Amino acid sequence: MLLTDSDQQALWLTLRLAGIVTLILLVVGTPIAWWLARTRAWWKGAVAAVVAMPLVLPPSVLGFYLLLAMGPQGPLGQFTQALGLGLLPFTFWGLVIASVIYSLPFMVQPLQTAFQAIGERPLEVAATLRASRLDAFFTVAVPMALPGFVSACVLTFAHTVGEFGVVLMIGGSIPGETRVAAVQIYDHVEALDYLDAHRLAGVLLVFSFLVLLAIHVWRPGTRKIG
Amino acid sequence: MKPVINVVACLLAALLCLVAPARADKITVAAASDLKYAMDEIADGFRKAHPADQVEVVYGSSGKFFAQIRNGAPYDLFFSADVAYPRELAQLGHAAAPVRSYALGRIALWSAVMDATRMTLDSLTDPAITRIAIANPRHAPYGKRAEEALRAAGLWDKVAHKLVNGESVSHATHFVQTGNAQVGMIALSLALGPDLASKGGYWLIPDTLHQPLEQGYVITRRAGNSALAKRFADYVEGPQARAVMRRYGFILPGEDAAR
Amino acid sequence: MSGLRARFRLAWPGFTLDVDLGLPGQGVTALFGHSGSGKTTLLRCVAGLERAPDGLLRVAGETWQDGTRWLPTHRRPIGYVFQEASLFPHLSVLGNLRYGMRRAGGAPASALDHVIDLLGIGHLLSRRPDRLSGGERSRVAIARALAVNPRLLLLDEPLAALDHARKQEILPYLERLRDELSIPMLYVSHVPDEVARLADHLVVMREGRVLASGPLAETLVRLDLPFRLGGDTGAVLAAEVGAIDAQWHLARVDFAGGSLLVRDHGIAVGRRVRVRVLARDVSLAAAHPGPSSIQNVLKGRIEVVADDEHPGLILVRVRLGQTALLASLTRRAAAALEIVPGRDVWVQVKTVALLDE
């Protein structure tokens, strides 16, 4: 076995986290990106800045404040408790929520750029061809922005796989729940088990490289079909 | 062309200022996170006694400092939570002087939301306690001792699922301070610190349940010629510093546990 | 069809649109003007792509916009041909055509076949837009707008992005549209040639306002407008091929006011044609000119004399029966010939352009 059981568990946990976060952000981030691409509201800049914040905040800072916010005295913590959901820190879903916040700009920004590149014209055309705005969004905007979607998903996935600071702060390194590959590697290093660290890091590196390679070799829109 | 040269020259000058070598008579001390409050006070005391000297203290996990010093990190003294690390460094030739023990640490139960003074280890099985914070036993000395204590008390299987691991003992303390864990098995020295003492009480975990937390320090090879490093080490072993350590619950070499 | 009634007032920084128009419910109405005149904006208002705050739009008895109602673009039974074709890059030609068809609903497949036939794009159906030439793209764009079975076809300078050869290639298709389909068309253009060939009704716009609105022939010969077309000034006549002279390879076209000899273009007798007579090709004579190479000589009466752009030139409108022609003269010549309204003159037409091929 190349990796120990606990390493495999950490890897699997990482992939699950990245996959779920990417799906959630696809649903949440698309409308935000669409709005940012097309609105002329004066407060658009403020929203764009807020979305971009996780890019500049140190992850451990973000993690620390999330720990406070999700704790029993924090606004988020009180909310989850009121709903009977308990507290989010040290849970997989707590990591999901934190990662959604942390990886938000990686989904929104490429999508926003792709939507902006489409411009107004194709949507006007769609309207003159009897497509409602929702219809036009799904049948014109989305297909035309497909490369942007691919970029955004890949970036979000890769970013979540590599996430460390936030997870460390609020995860509690619980095996099978919050001990993702990045944390596992860190624990190996801290415990001076360098060989284990090298192995797991190597697997992670190769996996990420293959995923990115696959995406770049196959890019929708650059191939001529038919 | 000229304006460009001016800009480049200014940038280079600025860069040089930033990386200018530190003046002599300055040392950087790497200290384990359980020493946070104690070492702050000791360093303050030293600075008052030697106003011309500059001492900077950095806190972190002992394991990380060990790895960094091994790879040339610029620390002049290393106060570890586990004497094994400095010993290893000495073996590898990174020490300028023999390793010395400076304290014995203790672990304690601490809580911000419950009354820890009335607890024992058995209290941890209480269903009201859903999360117990400890430092990661894999690599943190205080975490290792916490696990040993739980096992010795026959409680490990019962409470293991409640454990949340902090990167270091101070990280574990964060969890308890923010209320995310109801209870933590943390360093006594932290529980006695001003921030925590005002928020909750503690219960000392019997040291018969775990290996002793022998804490040792070393002057690193790079500080071999530093008179300041020697001065500081002497101060830490001197009476004022020892008094501070005692106040934070450390047992000093040669003395018995007062409690 | 009871026509189109539009009233729009839009105020943007640097531009205002202020129109109040009634247009016929059939044939081609050209919206003509220089860039910045507001013609595209007006078209977009009719389409619902711009929303004038308190506008009014009634088409064939249906109210599309008034104080209380606003019909969004996708619910208006229009077809819109954009300036740069703007085909969907992710769909094939057939996909583009079907896009609107699917949503307009009810149009039978045979209607689509007819449109494909009309525009001659049958061999392009499986291609992607990036593999089409400029002319092909324009034709597909027109076909796509027709595929939704519109009750009103809006065209925004559909030939602007094409070179001269392509334009000549597409114009016949547009003429076919006008002749074979009974869909009213609003055609935006700044090219007098296109207007002359296609329009039945002409709206002249400048700086967001309507200068004139009326049947093509009438409006083209108006000299009271603050508007001059330079070398394109002239009249467009509705005529019919009266006879063919095989010996001289000429055709005689008859209009309400006389006849003209033109080159024989192979058009059959009895066919209706449009004829264009530019003012610069018309000269006047006080008496019958006698033998000259100009074979088209007609008698008419001066109706209006007006200034042209250059101080040395004037424009004269001459009435021939129910038709009017424009002549471009130097002021000197006009003085020498005593050209005044009411005076009878001989009209020489050097060149006649037959607009329908």
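Reader: What pattern does chain A follow along the sequence?
Author: In this predicted model, chain A reads α-α-α-α-α-α-α-α-α-α-α. That is 11 helices and 0 strands, where helices (H or I, at least four residues) and strands (E, at least two) are DSSP runs numbered from the N terminus.

Reader: And the conventions behind the model?
Author: Residues are numbered from 1 along each chain as its sequence is written, while chains are lettered from A and ligands numbered from 1 in the order in which they are written. As the model is predicted, local features need pLDDT of at least 70 and side-chain atom pairs count only at pLDDT 80 or more, whereas totals for chains, interfaces and linings use all residues; side-chain values use heavy atoms, with hydrogens and water left out.

Reader: What box do the C-alpha atoms of chain A fill?
Author: The box is roughly 65 × 45 × 30 Å, taken along the principal axes. Of the 226 residues in chain A, 49% are buried (under 20% relative accessible area, with exposed over 50% and partly exposed in between; 1.4 Å probe, protein chains only).

Reader: At what angle do α7 and α8 of chain A pack?
Author: Helix α7 (residues 133-144) and helix α8 (residues 146-161) of chain A pack at about 65°, with their axes 4 Å apart. Axes are lines fitted to C-alpha atoms, for helices over the stretch in contact, and angles run from 0 to 180 degrees between N-to-C directions. The contact (heavy atoms within 4.5 Å) is made by V142(A), P143(A) and M144(A) of α7(A) with L146(A), P147(A) and F149(A) of α8(A).

Reader: Turning to chain C, how much area do chain C and chain A bury between them?
Author: The figure is about 2000 Å², 60% of it on carbon and sulfur atoms. Buried area is the accessible area (1.4 Å probe) that two parts lose on being put together, summed over both. H74(C), Y99(C) and R103(C) supply 28% of the area that chain C buries against chain A, more than any other three residues.

Reader: Which residue of chain A forms a salt bridge with R103(C)?
Author: The partner is D135(A), the closest N and O atoms being 2.6 Å apart. A salt bridge is a side-chain nitrogen of Lys or Arg within 4 Å of a carboxyl oxygen of Asp or Glu, and the count between chain C and chain A is 3.

Reader: How many salt bridges are there between chain A and chain B?
Author: The count is 1 salt bridge. The side chains of D193(A) and R138(B) meet in a salt bridge at 2.7 Å, N to O.

Reader: How much area is buried there, and which residues of chain A supply 29% of its side?
Author: Chain A and chain B bury about 1900 Å² between them, with carbon and sulfur atoms giving 55%. On the chain A side, F90(A), E190(A) and L192(A) supply the 29%, more than any other three residues.
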